[in-house]
Amino acid sequence: MNKSRPDGRRGRAARAAFELIETEVRPHLAAGGNLWTKGSGGYPRQLRQMLRVLDHGHRVTFATRDAMGLAPAERVIEHVIPFKRIIVEIVDPSQADPRSNTHQEPIAGGPATSPEHLLSIFDQLMRKCWVSKDEHDRLNRAGRSLQWDAPDGDGWARYRLADVVAYPLT
């Protein structure tokens, strides 16, 4: 792992998020809070907002046939592994939602131990797919908590459950 400090917007976002995780989120968890229910203290939403710049830095690399038949403005960008699940991996993989996970082991080397490690985890898990509105709705209804989680970290499991087929973009 590169130990040098990340530069630019990505680096600033990672450092700010990591500081929040260390100073507020992990103490919240140590005091009995969690990340997967309403007892999350709003931290997943706050971290998502902080890490938005990282999301914008990733291109869409998958698409469904239905989405490719639509005008670009009509396509929905879907995170293969939902953003909240990525945040859980960064903060504490044992916080994975038990309604959709049979185990809470790390899926990408989490929890993050530094801003650089946070970036590494994020980049490993961030995959985007263009889907139609109907496909997006089916993905979010595929199972309990699958709107914000991926069964045992497998984002494609939601696609299989919803009968949505995605293809890599060339």
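Author: Helices, of at least four residues, and strands, of at least two, are DSSP runs numbered from the N terminus. This model is predicted, and its chain has eight helices and four strands.

Reader: In what order do the elements run from the N terminus on?

Author: The order is α-α-α-β-α-β-α-α-β-α-α-β. The radius of gyration of the chain is 16 Å, close to the 15 Å of the globule rule for 170 residues, so the chain is as compact as a globular protein of that length.

Reader: How many salt bridges does the structure hold?

Author: A salt bridge requires a side-chain nitrogen of Lys or Arg within 4 Å of a carboxyl oxygen of Asp or Glu. The structure holds 10 of them. One of these joins the side chains of Arg158 and Glu78, at 2.1 Å from N to O. This pair links distant parts of the chain, with Arg158 in helix α8 and Glu78 in strand β2, 80 residues apart.

Reader: Are Arg158 and Glu78 buried or exposed?

Author: Buried means under 20% relative accessible area, and exposed means over 50%. Both Arg158 and Glu78 are buried.

Reader: Where do Asp137 and Lys133 lie?

Author: Asp137 and Lys133 are in helix α7, and because they are four residues apart there, about one helical turn separates them. Their salt bridge has its closest N and O atoms 3.1 Å apart. Asp137, at 25% relative accessibility, counts as partly exposed, whereas Lys133, at 52%, counts as exposed.

Definitions and conventions. Residues are numbered from 1 along each chain as its sequence is written. This is a predicted model: local features need pLDDT of at least 70, side-chain atom pairs count only at pLDDT 80 or more; totals for chains, interfaces and linings use all residues. Side-chain values use heavy atoms; hydrogens and water are left out. The radius of gyration is taken over C-alpha atoms; the globule rule is 2.2 Å times the number of residues to the power 0.38. Buried means under 20% relative accessible area, exposed over 50%, partly exposed in between (1.4 Å probe, protein chains only).
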